[in-house]
Amino acid sequence: MDDALAFSALVLALSGQLVQEIHTSVSQQGFQDLRPAHGFAFARISAGGATTADLAEHLGVTKQAAAQLVEELVRKGYVERHPHPHDARARLLELTETGWAATRAADQAARAAVAPWREVLGQARFSELVADLTHLAPPGPIRPAW
């Protein structure tokens, strides 16, 4: 297998493992009604300034699909809609305290999920890997600013 295919396969495998471990832990912490797609939505909403159209773009889905997801999250008590200060047709999305609690649970789960990777690589190499991936990650509202 060439390096490009190996890299792709490895990143996808690690991503899948990370998503599953975070989801399992978040469910075990009392958020059984959430799916991994909700976590991707929370990541965009928690960055601030998100509308349903922004969420659709972030998730790579139609505005209608994003609207259905938002409606589900509102109904479950994780998200609220507020008037947009500059666009009367749009609504800003904000996490409720329950949504923030789920986000904190996911953050804790993510730290635990990558702890074995840090242990295998060692702190210095792990930090280098984070720096390398930061250079490769696409720009956007959820990209870490370190």
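The legends below describe close-up views of a predicted model. Residues are numbered from 1 along each chain as its sequence is written. Local features need pLDDT of at least 70, and side-chain atom pairs count only at pLDDT 80 or more.

**View 1. The largest nonpolar core has 18 residues.** Such a core is a set of buried Ala, Val, Leu, Ile, Met, Phe, Trp, Tyr and Cys residues joined through side-chain atoms within 4.5 Å. Buried means under 20% relative accessible area, exposed over 50%, and partly exposed in between (1.4 Å probe, protein chains only). Phe31, Leu34, Phe42, Leu73, Tyr78 and Val79 touch the most other members. At least two core residues come from each of helix H1 (3-28), helix H2 (36-46), helix H4 (63-75), strand E2 (91-95) and helix H5 (97-121). Helices (H or I, at least four residues) and strands (E, at least two) are DSSP runs, numbered from the N terminus.

**View 2. Glu72 and Lys76 form a salt bridge.** A salt bridge is a side-chain nitrogen of Lys or Arg within 4 Å of a carboxyl oxygen of Asp or Glu. Here the closest N and O atoms are 2.9 Å apart. Glu72 is buried at 13% relative accessible area, whereas Lys76 is partly exposed at 30%. Arg35 is linked with Glu72 and Lys76 in a network of salt bridges.

**View 3. Asp87 and Arg89 meet in a salt bridge.** The N to O distance is 3.5 Å. Asp87 is partly exposed, at 26%, and Arg89 is exposed, at 76%.

**View 4. Arg125 and Glu128 both lie in helix H6 (residues 123-136).** They are 3 residues apart, about one turn of the helix. Their salt bridge has its closest N and O atoms 3.2 Å apart.

Note on methods: Heavy atoms only, no water.
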